[in-house]
Amino acid sequence: MGLLAWLGLKQGGSFPNLDALLKELRTALPDDEAVVLRYIATVIVLLGKVACVDGRFSDKEDELLRELLTHVDGLAPSGVDAVFNALQGKLPALQEGEVDRCYRELKALCNASERVEVVRLLIRLAAADGAPTPAERAEIESIAEELGVSLADIEPDLSVQAGPPAPPDDRGEPGGGIPA
């Protein structure tokens with residue numbers, strides 16, 4: 001057993017669905033560092049969980065998720081399709097340990113304010129097809145709790161009905177894309 005495996009950082013094959021998503025990301029973004037790919041995969045998984053929790057992946061959620069993926073630097077349209085298809089195929093099969101891994105990764109990679117922005121992105125996706133459903137609200141609240149994000153920080157966003165897209169960020173991207 002190697003040191004990384006002993007530390008729980010490399011568990012070869014114990015996360016088959018996350019590994020498949022990371023493989024698609026590595027193919028689509030071959031020049032990006034592993035930490036960037038893990039961050040993108042983690043945010044994509046959480047977005048997918050919120051989109052599917054109410055039993056449907058609406059066209060508007062699909063459209064917004066694809067739009068968000070286009071904001072990932074270097075991800076070509078074919079890469080967006082490959083990542084989206086990998087997500088669609090693997091999300092229902094995600095094991096509890098894989099989701100827990102996503103929470104640990106995000107807590108390790110992001111500070112508190114960045115985690116709040118990720119949760120706000122989840123809220124934006126839930127509101128893409130109207131006000132978040134009770135199931136979407138519950139999922140977002142659960143994710144926020146797992147990430148150590150105070151509900152007080154996100155409640156104003158979670159209570160707002162779907163509206164116009166978020167204003168451009170300081171780079172001029174609408175709604176900011178996947179938070180960096």
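**Exercise 1.** In which helix does glutamate 61 lie, and is glutamate 61 buried or exposed?

*Solution.* Keep in mind that this is a predicted model. Start with the position: glutamate 61 belongs to helix H4, which covers residues 59-70. Next, take the relative accessibility, which is 0% for glutamate 61. Buried means under 20%, so glutamate 61 counts as buried. Finally, look at the surroundings: leaving aside residues up to four places away in sequence, glutamate 61 touches Ala51, Arg56, Leu125, Ala126, Ala128, Asp129 and Glu136.

**Exercise 2.** Which residues of the largest nonpolar core touch the most other members, and which helix gives the most to this core?

*Solution.* The core has 51 residues, and those touching the most other members are Leu29, Leu47, Leu106, Val119, Ile140, Leu147 and Ile154. Now turn to the helices: H2, H3, H4, H5, H6, H7, H8 and H9 each supply at least two residues of this core. H3 gives the most, with 11 residues. To see one member up close, pick leucine 47: beyond residues up to four places away in sequence, leucine 47 touches Leu65, Leu68, Leu121, Leu122 and Leu125.

**Exercise 3.** Where is the place of glutamine 95, and which residues does glutamine 95 touch, not counting residues up to four places away in sequence?

*Solution.* Follow the chain to the loop between H5 and H6, where glutamine 95 sits. Its relative accessibility is 39%, so glutamine 95 counts as partly exposed. With those sequence neighbours left out, glutamine 95 touches Ser14, Pro16 and Asn17. Lastly, compare sequence with space: glutamine 95 and leucine 18 are 77 residues apart in sequence, and 9.4 Å separates them from C-alpha to C-alpha.

Note on methods:
Residues are numbered from 1 along each chain as its sequence is written. This is a predicted model: local features need pLDDT of at least 70, side-chain atom pairs count only at pLDDT 80 or more; totals for chains, interfaces and linings use all residues. Side-chain values use heavy atoms; hydrogens and water are left out. Helices (H or I, at least four residues) and strands (E, at least two) are DSSP runs, numbered from the N terminus. Buried means under 20% relative accessible area, exposed over 50%, partly exposed in between (1.4 Å probe, protein chains only). Contact means heavy atoms within 4.5 Å. A nonpolar core is a set of buried Ala, Val, Leu, Ile, Met, Phe, Trp, Tyr and Cys residues joined through side-chain atoms within 4.5 Å.
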